[in-house]
Amino acid sequence: MTCFVIDPTAKTITPVPWDGGLDAIRQLIGFETIDSDEIDANGDRLFFDEKCFIRQTPGVGRFQLDSLAPVAGVGVVVGAGVSAPQVTLQALQGRVKFLS
């Protein structure tokens with residue numbers, strides 16, 4: 001199945017193969033400490049580095065999805081449970097704002 005990887009440094013959102021596991025999400029994000037927020041009524045979730053709000057990493061971009069707090073570093077969007085996200089790539093691109 002597929003997930004979406006939001007890379008604020010490259011300012012890209014890319015579909016990536018995903019095995020449905022949290023370890024794969026940790027690898028994509030690049031940190032062991034992960035957290036998530038629900039992003040729509042379908043149960044899609046945004047996973048991100050739990051410590052992104054306090055971690056001081058120079059040169060790391062930030063992004064904001066809808067009205068959620070801005071996230072520093074990579075984010076991963078997956079579906080409810082172990083599934084692909086219901087949101088389309090095009091819809092997600094319209095909802096993400098890359099910050100300087």
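Which residue just after α1 takes a positive phi, and of about how many degrees?

Modeller: Happy to! Please keep in mind that this is a predicted model. The residue you are asking about is G30, which follows directly after α1 and has a positive phi of about 95 degrees.

Now step back into the helix itself. Helix α1 covers residues 22-29, and its buried residues are A24, I25 and I29. Looking down the axis of α1, you would find these buried residues within an arc of 135 degrees, so they line one face of the helix.

What lies over the buried face? The cover for the buried residues of α1 includes β3 (34-38), β4 (45-49) and β7 (75-78). These strands belong to an open sheet of 5 strands, in the order β2-β1-β7-β4-β3, with antiparallel pairing. At its edges are β2 (12-17) and β3, each of which pairs on one side only. From one strand to the next, the twist averages 25 degrees. The helix lies across β1, β2, β3, β4 and β7, and α1 runs at about 55 degrees to β4.

Let's follow β1 (residues 2-7) through the sheet. With β7 it pairs in the antiparallel sense over 3 bridges, and I6 has G75 in β7 as its bridge partner. With β2, also antiparallel, β1 is joined by 6 bridges, and T2 stands opposite P17. β1 and β2 make a hairpin with 4 residues between them, and K11 in that turn has a positive phi of about 60 degrees.

Finally, the packing. In soluble globular proteins, nonpolar side chains tend to be buried together. Here the largest nonpolar core has 14 residues, and I6, L46, V77, L92 and V96 have the most contacts inside it. β1, β4 and β5 (62-65) each give two or more residues to this core. Leaving aside residues up to four places away in sequence, L92 touches F4, I13, L65, V77 and V87.

Conventions. Residues are numbered from 1 along each chain as its sequence is written. This is a predicted model: local features need pLDDT of at least 70, side-chain atom pairs count only at pLDDT 80 or more; totals for chains, interfaces and linings use all residues. Side-chain values use heavy atoms; hydrogens and water are left out. Buried means under 20% relative accessible area, exposed over 50%, partly exposed in between (1.4 Å probe, protein chains only). The arc is that of the directions from the helix axis to the C-beta atoms. Contact means heavy atoms within 4.5 Å. Two strands pair if DSSP finds at least two bridges between them. Axes are lines fitted to C-alpha atoms, for helices over the stretch in contact, and angles run from 0 to 180 degrees between N-to-C directions. A nonpolar core is a set of buried Ala, Val, Leu, Ile, Met, Phe, Trp, Tyr and Cys residues joined through side-chain atoms within 4.5 Å.
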